[in-house]
Amino acid sequence: MTLTIIEPKPVSFVAPVVAVAGAFCGLLVGTAHDNPLLGVAIGAVLTAVLAFVWLSVFRNERAARWLTFLGFGAVGFAYAGVPGVVIGLAFGAFFGWFIFWLGEGRYRAKLPPYSTGMQVFLHFLFRVLCGAIFIFLITPILVVMPLSFNAENFFTFTPEMLRFDPEGYSLKHYRDFFTNSDWQQAMWNSLSIAPMATILSVGFGTLAAIGLSSEHVPFRRAIMAVLISPMIVPLIISAAGMYFFYSRLGLQGTYWGVVLAHAALGIPFVIITVTATLVGFDRSLTRAAANMGANPVTTFFRVQMPLILPGVISGGLFAFITSFDEVVVVLFVGSAGQKTLPWQMFIGLREQISPTILAVATILVVISIALLTTVELLRRRSERLRGMSPG
Amino acid sequence: MTFKTTLLASTALTVAAVSAQAQDMANSMTLVSWGGAYQNSQQKAYVEPYLAANPGVTATWDESSAEAVAKMRAMNEAGNVTWDLVDVVASDAMRLCDEGLAMELDHDEILAPAPDGTDASDDFGDLIVSDCFIPQIVYSTTFGYRTDMVPDGVEPPSTVCDVFDLETYPGKRSLQKRPIDNMEWALYCDGVAKDELYDVLSTDEGVNRALAKLDSIKDQVVWWTAGAETPQLLADGEVFMGSTYNGRLFSAIAEQDQPIEMMWDMQSFDLDGWVIPAGLPEDRLARVLDFLKFATDTQRLADQAAYISYGPARQSSAPLVGQHAELGIDMAPHMPTDPANAENTHLYDYEWWADNRDDLDAKFQAWLAN
Amino acid sequence: MSDTTDSGPVLAADGTPLKRSLNRALRAQKMRALALIAPLLIFVLVTFIAPIADMLFRSVENQIVSNTLPNTVATLNDWDGTGDTMPGEETFEALYYDMFLAAESKRHTRLGSRLNYEEAGISSMFRTSGRRVDDVGEDQIDALEDIDESWGDEAFWFALMSGADGAAKADDIVEAQRTRLSRLNETGFSGEVGFAPSQEIADLLPRTVRAYSAFAVFTAIADGDVVAEEEPWETVKVALIEDLRNGADLSGYDGPGAEELRAAQEGMADQPAIDYKQAFLDMNEDWGDLDNWKTIKMYAPPFTEGYFLNAIDMQKTPEGFQARPESEQIYIKLFKRTLFMSLMITGSCILLAYPVAFLLANLPMRTSSLLMILVLLPFWTSLLVRTSAWKVMLQQQGVINDTLVWLGLVDDASRLVMINNQFGTIVAMTHILLPFMILPMYSVMSTIPPYYVRAAKSLGATNWTAFWRVYFPQSVPGIGAGSILVFILAIGYYITPEIVGGTTGTFISNRIAYHISISLNWGLAAALGSILLAAVLILYWAYDKIVGIDNVKLG
């Protein structure tokens, strides 16, 4: 259905653009060797020539891209050993793709055919900018993952690591996590506290959100303010207040104390997400169900619940993360028996900086990527089954 | 209030004696400490042997010593004490004792005498700075520097005043984010005699003088709050020199092989030890006293030094200090109390700081923020 | 309300007026809604609101002075706290009894620390005095015991105070002391004392009986001992000496110990009077400092504005409220900084989140939900780890500086300082709070219909005009929702600034945490917290007015 015509672009357009990119990469390499100008010149000329050769002389894309990829890698190795190979291969892969992407005109594939050159340029500039912001978002993860394989007990990229010397890497922090009873205990505590807190906040929160969404609720604003308050009161104040108050109730230092505190903190997220879902909820559906003789409980579970489920689930996820990643309140309200993962991490950071923390973080990130991907795949599958076209 | 002391202590002891006879001891203890290598040394040197000798007893660690005073005050307010034995620094022990949050003790009654029969109170000597306090270790806050950052052709730094000498030793320094120690070092390096430090610091001019001296390096200071920070900063090459607890530096140098050197000059001695929270039920108190007697005897304190380079608080333990448990190096030369390291030391005045801490802290924080 | 029903109301099917029937249905609906909300409301009130209220109450609470030194405070009512005269001898006498009891209960140092917040040095004054307060009147007590050894005998004292068997008892005195001790110790002090003074001796020797009753209650309940088996405190003997010197009329007394009492009155007549003021000056010369007394008088009422004044760099003086010395002013600056940095963080979040939310809202569902994982992923990485990672990135020997030096953009000797300052805090917190900005923006943007912009363009608007005049206004609610959320979360942050903020990048929350766990000045922490909370609530209110809390959407 696309009207855009994908046609090869002239080399006179492609070569200069590639040369600019090449010059930039040349600058990076050149400055590393104390000669930025030479780097720029070599980079520009080399990539421009490459673009010319691949597009006008040797038009076999697959072979050309492999050649570029391996060629750059070899040059990198010749100059700077193992780290050079990595950088070289990255550059090679990029230029191999970039030359043909431009040369074959594929970059216009998803744009309206009438876009001017400037619009195309702005479009991609915007994409690059967004890409940079996404990289900013995952920077910490990019740092944490390699550092968790550090062979030393500090948060530092050692020279060995930068040389890709196997000596600089080790799995010892992972071993520490899996063998150390403190970490294992903390893991179990987190896994027993967070789900219970989530169940409490989701249970109470969903009911209240349904109540709040009905048309005639007295003091709605005031009630809402109270229910949202755990999110807006600065954590340190909540933590101290709960500490004194729970101590008096004998809840301080107990499993239920921490669960109640975390449930309170998770409630605003449930309220917000579920009320948001209920805004779009068609009330005539429940009336129709009631009309047909369903009692309120049946109506709730058979009609309302399935429709607001996505909101409930996402609220539950937020509540879970709140509890799973919470350190200030648990430090105050909990005691040794409720030491959660973040608490253990906090101790680790304060008393002995150990990359075991980073290993734990990496494991959690991997698990969460797997979870989020699974959820996404399931969503697509159910959409396909329901016959809706995704996007 | 000696009358009161003996009264309380004797009550406690009768209780202890009675329950010990009845074998009516709780089977679990919650011990509070600092976490990290220090807690590990306690675990290895006395908790594990004690648990091995007393099967059925369990010990749980709570790494809350940094907030111990606040938490014990709140527990006391709520009448719900969940800790059995708390590891704190001496100044915190004094504060807890003053406020009646920690139990007063008769050291000779509850602690084991030295192997030669010397009473515990004589064996610990002056280190019993409070009636509630049972010292374990002597540690010091001192400086370390990165050897590869010493400028060419310059002697490595050797005195605390080199920290204030930015011309000879350019680079960042890390200092603890509190007035204690820093103010004294600043005045000392500004030419105040060691025994007049607190007299000078008691005046507004003295405080300003110390802050002015600190001002001269303020731009180059990274302030730390947790003990693990300076070793990390040194390992990163982020600072040239920095103050921290001597055990942390030892571990970075000897166990982690970092290019760091100690600078013992004007090391500030401090003590760390146990206090028992006031108001423990009888069975738990009996268990704690039983453990305490074991954990603070001469051999156990000497054993601890095999895991961390802090000096045992008992005089009788010093000759028993041996080698590092894993590295096999002699530990004695790494102790803050070793004569070679203790040529020029500074013992900070607990009393003075107890009185002036709030006031100086307000000034110090205002100075930091400006 | 039902007046209109006269003129033939419309009736519902069951014959009731429709209006009433509708009202009833409405009420039932309201009740059902409330019944659904009630469990959560109660849950939040108990687990969250009550603790906060309890915490904030500490910012004005100040009973400690009047609970610890009730008699002293009472005598100070008659003293002019603004002039140059010291309080009189009766104040010092009252202070003696108060201080002794406080020292026995170990509450005097707490009062000392409390008053030390207002006047440096008071803490040590109380601490040293607490240690030596039992030395007051030492010579006179020795003289008393020289006259008759019975005065050092616990059984004799108990008999003297209890009176003869069957004598009328003055239970109210014991109860009064019980109340006083329970206030002082903040515990119940309930239980059997096993002592009641006789009415006769209470009339004859009022001070002594008061002091002995206090001793009895403390011994029986706090120490768990038998009163008759413990020697009375020094205060009891001092009180007796004072009673005797003040001309207790013993002529008609013939109860237990009558003879010893008469002998004592006679023997003590030529002893010098106890000089309480001098005794306290001997303990600590600061008791002669007028400023300390002014402070005690000023902070005697059970509620105080002192913590709030401190929280805005002011102090209370006899001459009224005044600014603190320049060198101690810190909180106003911290509040301003917290505000400024939260605004900066919110601003940078808007700048970074807008393009991303726009992209996500305009990409096909399949791609955007993949990219959404990238937005959500940081949520799953522990806050502590993310902050530490920024430290690794930003420090002078860190990844960014290394890269810049490697590229030759920055000289090795002049590496950029990006951490332990405001910049570090802003970068790290922008990163941490960015998802909270992207999600509400995304949910607003994904509801903006694309044909408005297309219509604008087909009417001849340039890309920019179409965006700025058509698209942007529709996305403003998203910006508003995200901004308030980010700002409110930022203003209360504490762990991240603590780790990357150094000295110039820390927030007011860091000071609150410091006062809660290190300096133990909980009143000041509560006052600072109240101000912070008030600021947040005003923001919340404004937000609710402008955007409506229902319009916040997360994902």
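## Burial and overall form of chain B

In this predicted model, 55% of the 370 residues of chain B count as buried. The chain contains 14 helices and ten strands. Its radius of gyration is 21 Å, close to the 21 Å that the globule rule gives for 370 residues, so chain B is as compact as a globular protein of that length.

Taken along the principal axes, the C-alpha atoms of chain B fill a box of roughly 70 × 45 × 35 Å.

## Two domains in chain B

The domain assignment divides chain B into domain 1, made up of 2-132 + 276-330, and domain 2, made up of 142-269 + 339-369. Between the C-alpha centres of domain 1 of chain B and domain 2 of chain B there is a separation of 30 Å. Where these domains touch, domain 1 of chain B contributes 13 residues and domain 2 of chain B contributes ten residues.

On the side of domain 1 of chain B that touches domain 2 of chain B, at least two residues come from each of α2 (36-53) and α4 (90-98) of chain B. The largest share of this side belongs to α4(B), with four residues. Sorted by class, the side of domain 1 of chain B that touches domain 2 of chain B comprises nine nonpolar, three polar and one charged residues.

## Strand β8 of chain B and its partners

Strand β8 of chain B spans residues 260-275 and is mostly covered, with 13 of its 16 residues buried. Strand β4 (residues 134-146) of chain B runs antiparallel to β8(B), and eleven bridges join the two. Within this part of the model, Ile134(B) stands opposite Trp274(B) in β8(B).

Strand β3 (residues 85-89) of chain B is also antiparallel to β8(B), and the two are joined by four bridges. Here Val89(B) stands opposite Asp272(B) of β8(B). The pairing of β8(B) with strand β10 (residues 345-347) of chain B is parallel and consists of three bridges. In that pairing, Gln267(B) stands opposite Thr345(B) in β10(B).

## Contact between chains A and B

The contact between chain A and chain B involves 21 residues of chain A and 22 residues of chain B. On the side of chain A that touches chain B, the elements that give two or more residues are α9 (235-249) and α14 (341-351) of chain A. By class, the residues on this side of chain A are eight nonpolar, nine polar and four charged.

## Contact between chains C and A

Chain C also meets chain A, in a contact that takes 77 residues from chain C and 83 residues from chain A. Helix α1 (residues 18-57) of chain C supplies the largest share of the side of chain C that touches chain A, namely 21 residues. This side of chain C has 58 nonpolar residues, along with twelve polar and seven charged ones.

Terms used:
Residues numbered from 1 in each chain as written. Chains lettered and ligands numbered in written order. Predicted model: local features only at pLDDT ≥ 70, side-chain atom pairs only at ≥ 80, totals over all residues. Contact = placed C-beta atoms within 7 Å. Nonpolar A, V, L, I, M, F, W, Y, C, P; charged D, E, K, R; others polar. Domains from an automatic or database assignment. Buried ≥ 20, exposed ≤ 12 C-beta atoms within 10 Å, placed from the backbone. Pairing = 2+ DSSP bridges. Rg over C-alpha atoms; globule rule 2.2 N^0.38 Å.
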